[in-house]
Amino acid sequence: MAAPHSPRKLAAGNWKMNGLTAALSELDALAARDNGCDVLICPPFTLLTPAVAHAGEIAIGGQDCHAAESGAHTGDISAAMLKDAGASHVILGHSERRADHAETDASVRAKAVAAHEAGLITVICLGETEAERDAGDTLRVIETQLAGSVPDCATASNTVIAYEPVWAIGTGRTPTNDEIAQVHARLREKLVERFSDGAAFTLLYGGSVKPGNASVIFDIEHVNGALVGGASLKAADFGPIIDALARA
Ligand SMILES: O=C[C@H](O)COP(=O)(O)O
């Protein structure tokens, strides 16, 4: 794929540990829409292969992968396995995995290298906790995570960055527009400093994005889309978010 010159818009849905076979009807509904921008759904591993068959133009991704190609890692999945199942993307470094599985910037970076070697596009997540925000540390934290989690092999074609304040995930709370703008401007600045195509990386905001607040968030400079959890589970909720992004 030719290197992009400007960021692509992406509406990404992370189903987390939700979804039995019946949930594929939501994917059918999304696939039948005229979406007007890139759409990605990351279902649980059990639905990956059937999801690919239901996805149409919608991209399908995993929610994590191991850094190793194969081996004795019970319960894990490799980047090559995701690719083999039909996935094009993988979410890495989500705060729920950083917290529940002790993932570090270094482990996220190693997974990202493995994912890129397997031909996957990574969606690398970062964001501050509420305590870090209250301490005025947001920009320092996101800069550290960006530098540590994103590998040197990253390009605008194989890497998406998702800013997800931990305290905004699933809470109904969001940062102010100015706070989102400040973080995204800093992410862009740091990407441009480090990568020759840094201006073209897609930057997502995630954390309590809903149909009611999506348009305002998508109007913020350097916000090129969203990583959506709860509101991605139903096409009736995710559809209007996709439309808001397509219009932005
Ligand atoms: O990966 C998605 C994020 O954790 C956001 O989740 P949420 O939209 O339910 O707040």
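Helices here are DSSP runs of H or I with at least four residues, strands are runs of E with at least two, and both are numbered from the N terminus. By that count the protein has 10 helices and 8 strands. Residues are numbered from 1 along each chain as its sequence is written. The model is predicted: local features need pLDDT of at least 70, side-chain atom pairs count only at pLDDT 80 or more, and totals for chains, interfaces and linings use all residues.

Now select helix α5, residues 105-117, together with helix α7, residues 138-149; they pack at about 40°, with axes 7 Å apart. The axes are lines fitted to C-alpha atoms over the stretch in contact, and angles run from 0 to 180 degrees between N-to-C directions. The pair is therefore oblique, the class left after under 35 degrees (roughly parallel), over 145 (roughly antiparallel) and 65 to 115 (roughly perpendicular).

Show Asp105, Ala106, Val108 and Arg109 of α5, which meet Gln145, Gly148 and Ser149 of α7; contact requires C-beta atoms, placed from the backbone, within 7 Å. This contact has 2 nonpolar, 3 polar and 2 charged residues. Ala, Val, Leu, Ile, Met, Phe, Trp, Tyr, Cys and Pro count as nonpolar, Asp, Glu, Lys and Arg as charged, and the others, Gly among them, as polar.

Finish at the ligand. Its shell has 5 nonpolar, 8 polar and 1 charged residues.

Definitions and conventions. Two residues are in contact if their C-beta atoms, placed from the backbone, lie within 7 Å.
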